[in-house]
Amino acid sequence: MDDNKIKIEAKNINFYYGQMQILKNLSVNFYENQVTAFIGPSGCGKSTFIRLLNKMNELAPNSSVSGEIYLDGENILDKKTNAVKIRRKVGMVFQKPNPFSKTIFQNISYGLQLCKTPKKLIPEIVEESLKHAALWNEVKDRLHKSALELSGGQQQRLCIARCLAIKPEVILFDEPCASLDPISTSKIEELVLKLKKYYTIAIVTHNMQQAARVSDQTAFMYLGELIEFSPTKEMFVVPKEKKTQEYLSGRFG
Amino acid sequence: MKNKIIQQVSFLLIGACILITLFFLASLIYFIAKNGLPVLSWSFLTQPPKDAMSSGGVAPAIIGTFYLTLGAIIIAAPLGLACAIYLQEYCQKGTVASIIKIGVNNLAGVPSVVFGLFGLTFFVKFLGFGISILSGALTLAILILPSIISASCEALNAVPNSIREASLALGATQFQTIRKAVLPCAFGAVMTGIILSIARAAGETAPILFTAAAFYKRGYPDSIFSETMALPYHIYALMTEGTNPAKQEPIAYGCALILMLMVFIISLAAIFLRNKYRRKNG
């Protein structure tokens with residue numbers, strides 16, 4: 001595939017939490033308008049890794065990191081890089097739906113107000129974002145009701161809409177379906193497939209089938225190391241590494 | 001079978017404990033009301049005292065207590081909340097934070113009369129505010145500061161980290177996150193802490209004893225630098241000084257009743273505000 005354009009390039013990433021090395025010399029490329037899935041057993045560092053992409057892990061005390069992550073040529077890990085600017089370009093959807101205890105409308109306008117969007121434009125962007133997140137039809141009559149009254153799946157789609165509203169270029173999904181039922185999960189998966197037309201997407205998942213369904217590239221991580229990184233179609237049919245094969249066939253994990 | 005009996009006996013015991021507590025509360029209200037109600041009247045609330053405290057009203061003391069309490073809250077609430085925000089949100093969990101927290105907790109254990117003495121030496125004399133509403137309000141403010149700080153700390157601590165992450169991930173700075181996402185969540189619990197402090201500030205006697213209170217003052221306080229009458233001190237004075245104890249005692253009970261009602265009304269207003277705010281954000 002020669003038309004793959006690299007959006008994010010992570011090179012030789014090491015991450016330490018205190019004395020413990022969580023990530024060992026990781027290098028991964030994220031291609032534009034593709035979904036890159038991260039699979040691997042719990043604690044292998046998948047979430048830690050994608051949280052580096054929007055500078056979220058720098059909040060953790062006594063952690064240190066080495067390596068470079070280039071987003072359109074700018075090193076995200078550089079201390080001088082503005083976290084706010086990066087986070088507007090690299091949105092994130094978390095494991096548990098985390099809407100603010102505000103109205104549905106306010107949840108989405110929150111990010112817009114932060115980047116000083118003119119007031120007139122906000123209702124339009126709110127509608128557009130909710131439509132993109134496939135939630136508009138379910139909430140259009142109760143935009144000014146509390147977001148906490150929504151079901152878990154709806155809340156997660158609201159969080160996606162909230163993230164879309166500020167027009168990021170990359171979206172990170174950190175196990176977005178971990179707390180959802182199968183129907184909500186399939187809705188989120190459909191959404192991910194639809195969104196990749198416009199965004200570059202990274203998704204961490206425990207669910208190998210999910211990775212197979214939604215991703216173009218898959219990274220298999222084990223104990224902080226990247227064991228294999230290949231196009232999803234290849235990895236799930238003929239894994240190159242023995243470890244990958246063992247994990248995919250459910251021998252450990 | 002045996003477990004069932006144990007269960008029932010425990011329930012009975014717990015129920016009895018609640019009854020005993022309620023009994024004391026109810027009898028307190030009953031005795032204050034029984035002794036205080038007869039003197040309550042419109043003129044008692046609106047007139048100054050007459051005949052060396054043995055008749056007339058207690059209006060200056062009501063006004064004084066209102067000013068002192070209001071002043072203390074206006075000073076202590078923002079200060080306490082700011083300290084809590086610093087401790088909980090900005091300060092990395094470490095030695096500095098824990099030393100400050102130990103300090104705050106110790107401050108909470110200092111007897112109120114000690115605050116009174118401190119207020120006398122620092123605000124009244126050293127800063128030269130004199131015996132005044134300002135000195136009294138400041139002294140009361142530092143008295144209630146520790147409880148406002150710890151209540152606010154707990155309120156902030158109860159806000160789940162996922163809310164902070166959600167806000168930061170949307171490109172908010174840490175300060176924007178605190179102001180727009182964390183504080184609205186913590187607001188109700190912060191207000192509860194402040195409401196409890198209002199009751200405390202209104203009722204304390206010792207801190208205003210040397211810093212603000214006058215047994216009798218002609219007219220109403222006209223500036224923050226004038227001394228003032230105040231309900232708790234007025235009760236104390238009526239019961240220990242003066243020339244006509246038989247006439248003064250009912251007035252003291254009347255003051256106690258008014259003090260309780262005042263705290264009750266201020267608390268209700270604060271609770272009303274809190275609920276209104278919660279609905280708006282809910």
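This is a predicted model: local features need pLDDT of at least 70, side-chain atom pairs count only at pLDDT 80 or more; totals for chains, interfaces and linings use all residues.
1. **Chain A, overall.** Chain A contains 10 helices and 10 strands. Its C-alpha trace spans about 55 × 40 × 40 Å along the principal axes. The radius of gyration is 18 Å, and a compact globule of 253 residues would have a value near 18 Å, so the two agree. Of the 253 residues in chain A, 47% are buried. Take the contacts in chain A between residues at least 6 apart in sequence: 67% of them join residues at least 24 apart.

2. **Chain B, overall.** Chain B has 11 helices and 2 strands. Along the sequence the pattern reads α-α-β-β-α-α-α-α-α-α-α-α-α. The C-alpha trace of chain B spans about 70 × 65 × 35 Å along its principal axes. Buried residues account for 40% of its 282 residues. Among contacts in chain B between residues at least 6 apart in sequence, 76% link residues at least 24 apart.

3. **Domains of chain B.** Contact between them involves 7 residues of domain 1 of chain B and 8 residues of domain 2 of chain B. On the domain 1 side, the touching residues are 5 nonpolar and 2 polar, with no charged residues.

4. **Helix α4 of chain B.** This helix covers residues 95–109 of chain B, 15 residues in total.

5. **The antiparallel sheet in chain A.** An open sheet of 4 strands in chain A runs in the order β2-β1-β4-β5, with antiparallel pairing. Strands β2 (20–31) and β5 (74–75) of chain A stand at the edges. Each has a single partner strand, so one side of each lacks a neighbour in the sheet. Strand β4 (residues 63–71) of chain A pairs with β5(A) over 2 bridges, in the antiparallel sense. Within this region, L71(A) sits opposite E74(A) in β5(A).

6. Is β7(A) enclosed or open, and what shows which? Here 5 of the 5 residues of β7(A) are buried, so the strand is largely enclosed by the rest of the structure. Both of its faces are covered. V170(A), L172(A) and D174(A) lie on one side, I171(A) and F173(A) on the other, and all are buried. β7(A) pairs in the parallel sense with β6(A) over 4 bridges. V90(A) stands opposite V170(A) in β7(A). β7(A) also pairs in the parallel sense with strand β8 (residues 200–204) of chain A, over 5 bridges. There, F173(A) has I203(A) in β8(A) as its bridge partner.

7. **D174(A).** This residue belongs to strand β7 (residues 170–174) of chain A. Why does D174(A) count as buried? It has 22 other C-beta atoms within 10 Å, and the cut-off for burial is 20 or more. Leaving aside neighbours within four places in sequence, the contacts of D174(A) are S47(A), I50(A), M92(A), V93(A), F94(A), Q95(A) and V204(A). K119(A) is 55 residues away along the chain, and the C-alpha atoms of D174(A) and K119(A) are separated by 31 Å.

8. **The interface between the chains.** How many residues of each chain take part in the contact between A and B? In chain A there are 21, and they are in contact with 16 residues of chain B. Three elements of chain A, α2 (83–89), β6 (90–93) and α3 (104–114), each supply at least two residues of the side that touches chain B. By class, that side of chain A has 10 nonpolar, 6 polar and 5 charged residues. One of those elements, β6(A), is also a parallel partner of β7(A).

How values were computed
Residues are numbered from 1 along each chain as its sequence is written. Chains are lettered from A and ligands numbered from 1 in the order in which they are written. Two residues are in contact if their C-beta atoms, placed from the backbone, lie within 7 Å. Ala, Val, Leu, Ile, Met, Phe, Trp, Tyr, Cys and Pro count as nonpolar, Asp, Glu, Lys and Arg as charged, and the others, Gly among them, as polar. The radius of gyration is taken over C-alpha atoms; the globule rule is 2.2 Å times the number of residues to the power 0.38. A residue is buried if 20 or more other C-beta atoms lie within 10 Å of its own, exposed if 12 or fewer, and partly exposed in between; C-beta atoms are placed from the backbone. The expected span of a helix is 1.5 Å times one less than its number of residues. Two strands pair if DSSP finds at least two bridges between them.
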